[in-house]
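Me: I have a structure to get through and I am new to it. Can we go over it in short questions?
Reply: Fine, here it is.

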Amino acid sequence: MRSSLPNVVIFATGGTIAGSAGSRDQSTGYTSGVVGIEALIQAVPEMLNITNIVGSQISNLNSGAINSTIIMTMSKLANELLCAPNSTTDGLVITHGTDTLEETAFFMDITLECAKPIVIVGAMRPSTAISADGPGNLLQAVTLAALPSAKGRGAMIVLNDRIGAAWYTEKTNANVLDTFRAIEQGYIGGFLNNKPFFYYPASQPLFKETFSTANFTTAPLPRVDILIAYEDFTGDLIPAAIANGAKGFVIAGAGAGNTGPLAVPHIAAALAAGVPIVVSTKTNGGAVEPGSDVGQTVKSGFLNPVKSRLQLQLALAHSMGLEEVRAAFENKLGKFLL
């Protein structure tokens, strides 16, 4: 450890960045979550020239197996590491599988309680591939986490020489390297010769809500299910899911949140029983505006279905009732639209 260098912690969770395949030309059909944190660090010794690094193996899983207990654990640890008055940690990097990376990144973003940066990084090719993208992505993520100008920007996603705000950025393609994008909002920065730069001064998304996890346990968050609306969508799964433990729903509606007429009885019954339903859009772009259609459902604003689910889980974990949930999703955008 060198006192002249910034201190960065890496939480490793698995994924393709820690994946391994049977041959160097194999970029699909590999096994995720095989390589441990020490091997990831050893593969990029250049990181040790710019930061003091401490690695922690939180899990080693395909990201489809990441759950609310794991992300809650990371949120609580992150706030302890970064935000305590005596903290000496300058930034946090989380290595993660790309399939659910945007979900974990969003969760960390809305539960971070100080200005220090969290950078979530992954890879689209396993570590054994001829042109594996993981080592370069990891070097850039660590470099960014140690950067003073990264403060005040919340959680960020780094892949393919790009820096994206976690609140907006989504995985947009199942296969290609430049899959993580914020289609409408754009990137907030990038890298030149592995040196990070920003297009704009530090800022936060205009309609962002935050939630504390300080008083939570690491038990699973309340169950929230996502349903997709389509032609002839009936909503019959709503009472079935409630019977099996669902405490809330997100409906990925057509267009700007259209759920269709056939689902209205089940939606109304759930709302009457105190089960909140958030309506988002399956287009993953644009907004579902407060006050639009579908009775007393809560409108997601600019949040896509998976991010709406996480925000609703946190709201329910805070014991919010329907109108409090509505305020958490709708108030900021609603006031803007007045």
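Me: Before anything else, what does "buried" mean here?
Reply: Buried means under 20% relative accessible area. The model is a predicted one.

Me: Start with Gly-19, then. Buried or exposed?
Reply: Gly-19 has a relative accessibility of 0%, so Gly-19 counts as buried.

Me: Where is Gly-19 found?
Reply: Gly-19 sits in the loop between strand 1 and helix 1 (37–42).

Me: What does Gly-19 touch?
Reply: Leaving out residues up to four places away in sequence, Gly-19 touches Thr-31, Ser-32, Gly-33, Val-35, Pro-126, Ser-127 and Thr-128.

Me: And how many Å apart are Gly-19 and Gly-274?
Reply: They are 43 Å apart in space, C-alpha to C-alpha, and 255 residues apart in sequence.

Me: New topic. How many residues does the largest nonpolar core have?
Reply: It has 44 residues, and Leu-92, Ile-94 and Ile-118 have the most contacts inside it. In general, nonpolar side chains tend to be buried together in soluble globular proteins.

Me: Which elements give two or more residues to this core?
Reply: The strands are strand 1 (7–14), strand 3 (91–95), strand 4 (118–121) and strand 5 (155–159). The helices are helix 2 (68–83), helix 3 (101–111), helix 7 (305–317) and helix 8 (322–337).

Me: Take Ile-94. What does Ile-94 touch?
Reply: Not counting residues up to four places away in sequence, Ile-94 touches Phe-11, Thr-13, Met-74, Met-108, Ile-118, Val-119, Ile-120 and Val-121.

Me: What about a second core?
Reply: A separate core of 29 residues includes Ala-18, Leu-40, Ala-165 and Phe-191.

Me: Which residues form a nonpolar patch on the surface?
Reply: Leu-206, Phe-336 and Leu-337 form one, with about 330 Å² of accessible area together.

Me: Where is the place of Leu-206, and why is Leu-206 called exposed?
Reply: Leu-206 is in the loop between strand 10 (195–198) and strand 11 (224–228). The cut-off for exposed is over 50%, and Leu-206 has a relative accessible area of 58%, so Leu-206 is exposed.

Me: Charges now. How many salt bridges does the structure hold?
Reply: The structure holds 6 salt bridges. As a general point, side chains of opposite charge can pair when their charged atoms come close.

Me: Which residue forms a salt bridge with Lys-171?
Reply: Asp-99 does, with the closest N and O atoms 2.8 Å apart.

Me: Lys-171: buried or exposed?
Reply: Lys-171 is buried, because its relative accessible area is 18%.

Me: Which other salt bridges can you describe?
Reply: Arg-326 forms one with Glu-323, where the closest N and O atoms are 3.0 Å apart. Arg-326 also forms one with Glu-330, and there the closest N and O atoms are 3.7 Å apart. Through shared partners, the salt bridges join Glu-323, Arg-326 and Glu-330 into one network.

Me: Are Arg-326 and Glu-330 buried or exposed?
Reply: Arg-326 counts as buried, at 13% relative accessibility. Glu-330 counts as buried too, at 9%.

Me: What does Glu-330 touch?
Reply: Glu-330 touches Pro-290, Thr-297, Val-298 and Lys-299, with residues up to four places away in sequence not counted.

Me: Val-298 again: which residue is its bridge partner?
Reply: Val-298, in strand 14, is the bridge partner of Val-278. Strand 13 (residues 277–281) and strand 14 run parallel and are joined by 2 bridges.

Me: Last one. In what order do the strands of that open sheet come?
Reply: The 4 strands come in the order 11-12-13-14, with parallel pairing. Strand 11 and strand 14 (298–299) are the edge strands, each pairing on one side only.

Note on methods. Residues numbered from 1 in each chain as written. Predicted model: local features only at pLDDT ≥ 70, side-chain atom pairs only at ≥ 80, totals over all residues. Heavy atoms only, no water. Core = buried A, V, L, I, M, F, W, Y, C linked by side-chain atoms within 4.5 Å. Buried < 20%, exposed > 50% of the residue type's maximum accessible area, 1.4 Å probe, protein only. Contact = heavy atoms within 4.5 Å. Patch = residues over 30% accessible without salt bridge, like charges linked within 9 Å, V, L, I, M, F, W, Y side chains within 5 Å. Areas by Shrake-Rupley, 256 points an atom, 1.4 Å probe, with all protein chains shown as cover. Salt bridge = Lys/Arg side-chain N within 4 Å of Asp/Glu carboxyl O. Pairing = 2+ DSSP bridges.
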